[in-house]
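Subject: Structure handover

Hi,

Here is the structure I promised to pass on. Please load it before reading further.

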Amino acid sequence: MQTRVTDLLGIRFPIIQGGMQWVATSELAAAVSNAGGLGILSALTQPSPEALAREIRRCFDQTDRPFGVNLTVLPAINPPPYAEYRHAIIESGVRVVETAGGNPAEHVAAFKAAGIAVIHKCTSLRHARKAEAIGADIVSIDGFECAGHPGEDDITGLILIPRVSAALRIPVVASGGIADGRGLAAALMLGAEGVSMGTRFMCSREAPIHEAIKQRIVEASELETELIFRSLRNTSRVSSNRVSREVVDVLARGGQFEDVRHLVAGARGRVVYAEGDPEWGIWTVGMVQGLIEDIPSCSDLVPRIAHEARRLIGSFGFGVSAPDSADGARHSTPVARLHS
């Protein structure tokens with residue numbers, strides 16, 4: 001299954017694993033890459049740039065396929081040493097980086113100067129255009145359905161994917177609400193050239209989280225998420241549990257961040273993944289959990305999704321046209337380059 005994304009990243013299938021904090025470790029990233037997708041390590045899961053360098057080496061020990069590193073820029077009173085994390089990534093020999101969060105211009109410039117391909121995660125067309133303008137090679141567009149931060153515009157992937165794909169010259173990856181071949185096929189039909197999945201890979205055998213959390217996702221419906229921090233304009237989609245519902249209630253009654261700080265501490269979420277109590281803290285999950293019914297290995301999951309998408313697209317034939325490109329010309333969709 002060949003698209004500009006597979007060509008650029010050197011992968012077999014246009015399937016990318018999300019760079020989830022506390023989840024995107026070398027075991028998971030290597031498993032996704034070995035299965036033909038692109039595994040992603042989370043830089044800030046590691047406590048220091050030195051620890052990240054060691055984790056990257058561990059990933060190289062587990063796979064000879066391409067993998068990437070996610071560097072998320074977040075507002076903080078005492079921000080992490082981003083320049084040092086960036087330096088560790090560049091020196092490691094990694095050839096792909098996924099940036100997210102705040103303005104990545106400084107980091108994109110440094111990565112591009114080092115010959116590293118950059119994927120930038122966005123939640124709006126305006127941010128996608130900015131990412132293209134500062135040199136990103138690929139934009140990953142998150143719809144409102146996604147886990148974590150969906151932005152403040154509340155636009156679903158069904159609108160964002162074709163909107164962004166038609167406006168940009170660089171390839172677009174669809175993210176949010178995708179868990180199977182139907183989602184990949186739909187994303188390609190809408191103009192994307194690949195997909196990124198987080199929640200789906202949380203429910204894989206190699207994901208380094210407690211089995212009870214994986215089972216919770218399998219059993220949950222699409223209705224069992226909460227949007228926290230709406231009033232603070234820093235919306236985040238998380239699992240619906242006693243803690244997230246309390247946060248929503250406190251803020252709805254006029255509370256401020258300081259009133260819920262103890263509830264949303266990242267350390268509590270990390271305990272959820274480690275010890276398996278889904279009620280203990282805030283943890284991110286997407287509405288797509290309603291489509292997840294099993295916990296396969298990545299070696300089964302990645303090709304299964306690709307083969308299902310190819311079968312579905314093949315049932316409609318290969319004569320599909322992509323949306324108008326940014327220069328006004330129509331171009332051949334990646335769907336036309338599917339291989340048996």
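Below is what I found in it.

First, a caution: this is a predicted model.

Overall build. The protein chain has 14 helices and 10 strands. Its C-alpha atoms fill a box of roughly 55 × 40 × 35 Å along the principal axes. The radius of gyration is 19 Å; a compact globule of 340 residues would have one near 20 Å, so the chain agrees with that picture. Buried residues make up 56% of the 340. Among contacts with a separation of 6 or more, 64% join residues 24 or more positions apart.

Surface and charge. The accessible surface comes to about 14,200 Å². Carbon and sulfur atoms hold 52% of that surface. There are 34 positive and 38 negative charges, and their mean positions lie 4 Å apart.

Cores. Nonpolar side chains tend to be buried together in soluble globular proteins. Here the largest nonpolar core has 54 residues. I15, V164, L168 and F201 touch the most other members. Helix α14 (residues 298-314) gives the most to this core, with 7 residues. Leaving aside residues up to four places away in sequence, I15 touches G37, L38, L184, V195, M197, F201, V302, I305 and A306. A second, separate core has 21 residues, including L52, Y82, I89 and V94.

Helix α2. Look at residues 26-34. The buried ones are S26, L28, A29, A30, A31, V32 and S33.

Backbone points to check. Two residues other than glycine also have positive phi. D154 is one, at about 60°. D154 sits in the loop between β6 (138-142) and α7 (157-167). Its relative accessibility is 31%, so D154 counts as partly exposed. R233 has a positive phi too, near 55°. The place of R233 is the loop between β9 (225-228) and β10 (236-239). With 59% relative accessibility, R233 counts as exposed.

Best regards

How values were computed:
Residues numbered from 1 in each chain as written. Predicted model: local features only at pLDDT ≥ 70, side-chain atom pairs only at ≥ 80, totals over all residues. Heavy atoms only, no water. Helix = DSSP H or I, 4+ residues; strand = E, 2+ residues; numbered from the N terminus. Rg over C-alpha atoms; globule rule 2.2 N^0.38 Å. Buried < 20%, exposed > 50% of the residue type's maximum accessible area, 1.4 Å probe, protein only. Contact = heavy atoms within 4.5 Å. Areas by Shrake-Rupley, 256 points an atom, 1.4 Å probe, with all protein chains shown as cover. Lys, Arg positive; Asp, Glu negative; His and termini not counted. Charge placed at Lys NZ, Arg CZ, Asp CG, Glu CD. Core = buried A, V, L, I, M, F, W, Y, C linked by side-chain atoms within 4.5 Å.
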